[in-house]
Amino acid sequence: MHVDSYGDRPADPDYVEGAIEIVADGVEIVGQREWDYVDQLWSYLADALERFRADGAASTYYPDQPILIEFSAQGSRVLISSTGGEHVRRVSVNRTEFEEVFNAAGRRFFDRISEIVPVNSDGYAAARSKLVTG
């Protein structure tokens with residue numbers, strides 16, 4: 001279910017389960033089968049995107065699974081990869097488009113999840129602030 005259509009409050013606001021789908025050029029980097037604590041995962045990704053802008057490379061693990069997401073600048077492109085066990089998926093995308101799409105999706109997620117789980121809205125606002133506007 002897309003965050004925009006989600007209306008129910010989670011049973012425990014500290015453990016909001018869900019998935020993030022990263023698909024580019026027909027390549028699924030992560031999808032619904034890699035679910036986790038989605039609000040924590042978006043916070044981790046916001047941190048990684050901030051480091052990526054500063055350093056040209058960043059990575060983060062899922063909060064409660066051994067899945068690694070990596071971003072690496074390659075000129076005007078970004079290599080996005082996920083590693084879960086021995087399974088590795090990679091795709092190279094336009095850097096400008098990557099940053100615009102990822103930041104917009106993160107901001108949209110944090111705006112909506114703040115309405116669904118208002119008790120966590122201060123933490124969500126802090127994570128959202130790491131996502132630049134286009």
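Which residues form one aromatic cluster with W42? The cluster consists of W42, F52, F71, F98, F102, F109, F110 and Y124.

## Basis

This is a predicted model, in which local features need pLDDT of at least 70 and side-chain atom pairs count only at pLDDT 80 or more, while totals for chains, interfaces and linings use all residues. Residues are numbered from 1 along each chain as its sequence is written, and side-chain values use heavy atoms, without hydrogens and water.

## Aromatic pairs

The structure holds ten aromatic pairs. Rings of Phe, Tyr and Trp (its six-membered ring) pair if their centres lie within 6.5 Å; planes under 30 degrees apart are stacked, over 60 edge-to-face, and the rest tilted. F52 and F98 form an edge-to-face pair, at 5.6 Å centre to centre and 80° between the planes. This pair links distant parts of the chain: F52 lies in helix α1 (residues 38–55) and F98 in helix α2 (residues 95–116), 46 residues apart. Helices are DSSP runs (H or I, at least four residues), numbered from the N terminus.

F52 is buried, with a relative accessible area of 0%, and F98 counts as buried at 5%. Buried means under 20% relative accessible area (1.4 Å probe, protein chains only). F98 also pairs with F102: the centres are 5.3 Å apart and the planes at 45°, so this pair is tilted. Both residues lie in helix α2, four residues apart, about one turn of the helix. F102 is buried, as is F98.

## R107

R107 is also found in helix α2. R107 is buried yet has no salt bridge (a side-chain nitrogen of Lys or Arg within 4 Å of a carboxyl oxygen of Asp or Glu). The nearest side chain of opposite charge, D111, is 6.5 Å away. A polar atom of the R107 side chain lies 2.4 Å from the backbone oxygen of V132.

Technical notes. Helices (H or I, at least four residues) and strands (E, at least two) are DSSP runs, numbered from the N terminus. Buried means under 20% relative accessible area, exposed over 50%, partly exposed in between (1.4 Å probe, protein chains only). Lys and Arg count as positive and Asp and Glu as negative; His and the chain ends are not counted. A polar contact is a pair of N or O atoms within 3.5 Å; within protein, one must be able to donate a hydrogen and the other to accept it, and residues adjacent in sequence count only if both atoms are side-chain atoms.
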